[in-house]
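Dear colleague,

My notes on what was found follow below.

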Amino acid sequence: MRYPIPVFGGWSARTEGKDTSMNATKQTEQTVRYRATDAYIHPNMKGTGSACRLELHPAHDDTSGSIFLTLAAQKTLGSGQGAGRVLPTFDWENRLVVKLDRSDLSQILQVLRGMQESVRDGKGLFHRSARACTVIKFTHQIEPHPGYVLAVSRKSEDGKLTQCWFVFDVDEAFSLMLTLEQAMLYICLGIPLVRPPAGARSA
């Protein structure tokens, strides 16, 4: 079952319900830009599942690239089967979002490649801001099921603690590793732009 990937803004390349009958000249003059996203969805019948979403932000100008990682706890169980099936939902309104830069992702990749069992020997990554302190842990586990545990906890300035976690199975972890490795090119170097010579005409 494929779940819809939530979109929280940014660029979109979707054209449903829009007139796409541009002529060839307009198509060559316009560039469609979008945020590359991926999601892992794990609902369960206890309502304790979670969802993880990745959004690539390539480097550009003087801004370093990153991946925005979003975690959301399961909200409803879902019900029914076949055409009348209602899919489980997730609490995206109260989601946890963290920005992972090149250094953060390098730490996570070391765990996925088997170089480390956990990020910084289990201490995790610390992100501090004026409003909150966030700890991001990523750990290889064997029991009760082989995989990798992503746990994010955030304590706001008023003392409120918010936590969410996601467990990647072995296959998902392999996919995640390849995704992050390929994304590092754009996070570090951005997307090259080829500019036509001055006075050149569009095909």
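**What was found**

Please keep in mind that this is a predicted model, in which local features need pLDDT of at least 70 and side-chain atom pairs count only at pLDDT 80 or more, while totals for chains, interfaces and linings use all residues. Residues are numbered from 1 along each chain as its sequence is written, and side-chain values use heavy atoms, with hydrogens and water left out.

To begin with the overall layout, the chain contains 3 helices and 9 strands, where helices (H or I, at least four residues) and strands (E, at least two) are DSSP runs numbered from the N terminus. Read from the N terminus on, the order of the elements is α-β-β-β-β-β-α-β-β-β-β-α. Of the 203 residues in the chain, 32% are buried; here buried means under 20% relative accessible area, exposed means over 50%, and partly exposed lies in between, with a 1.4 Å probe and protein chains only.

Q141 has G147 of β8 opposite to it. Strand β8 (residues 147-156) in turn pairs with β9, again in the antiparallel sense, over 8 bridges; these two strands form a hairpin with 4 residues between them, and G159 in the turn has a positive phi of about 90°.

Rings of Phe, Tyr and Trp (its six-membered ring) pair if their centres lie within 6.5 Å, and planes under 30 degrees apart count as stacked, over 60 as edge-to-face and the rest as tilted. By this rule there are 6 aromatic pairs. In the case of F90 and W92, the ring centres are 6.4 Å apart and the planes stand at 55°, so this pair is tilted; both F90 and W92 are buried.

As for charged side chains, the structure holds 2 salt bridges, a salt bridge being a side-chain nitrogen of Lys or Arg within 4 Å of a carboxyl oxygen of Asp or Glu. R53 forms a salt bridge with E55, with 3.2 Å between the closest N and O atoms; R53 counts as buried at 3% relative accessibility, and E55 counts as buried at 11%. R113 and E181 also meet in a salt bridge, at 2.8 Å from N to O. Since R113 lies in the loop between α2 (102-112) and β6, and E181 in helix α3, this pair ties together parts that are 68 residues apart in sequence. R113 is exposed, with a relative accessible area of 54%, whereas E181 is partly exposed, at 24%.

Helix α3 (residues 170-189) also holds Y186, which is partly exposed with a relative accessible area of 34%. Together with L185, L189 and I191, Y186 makes a nonpolar surface patch of about 410 Å². Patches are made of residues with over 30% relative accessible area and no salt bridge, like charges being joined within 9 Å and nonpolar side chains (Val, Leu, Ile, Met, Phe, Trp, Tyr) within 5 Å; accessible areas come from the Shrake-Rupley method with a 1.4 Å probe, and for residues only the protein chains shown count as cover.

Finally, A72 is found in strand β3 (residues 66-76) and is buried, with a relative accessible area of 1%. From C-alpha to C-alpha, A72 and W165 are 8.4 Å apart in space, although 93 residues apart in sequence.

With kind regards

How values were computed:
Pairing = 2+ DSSP bridges.
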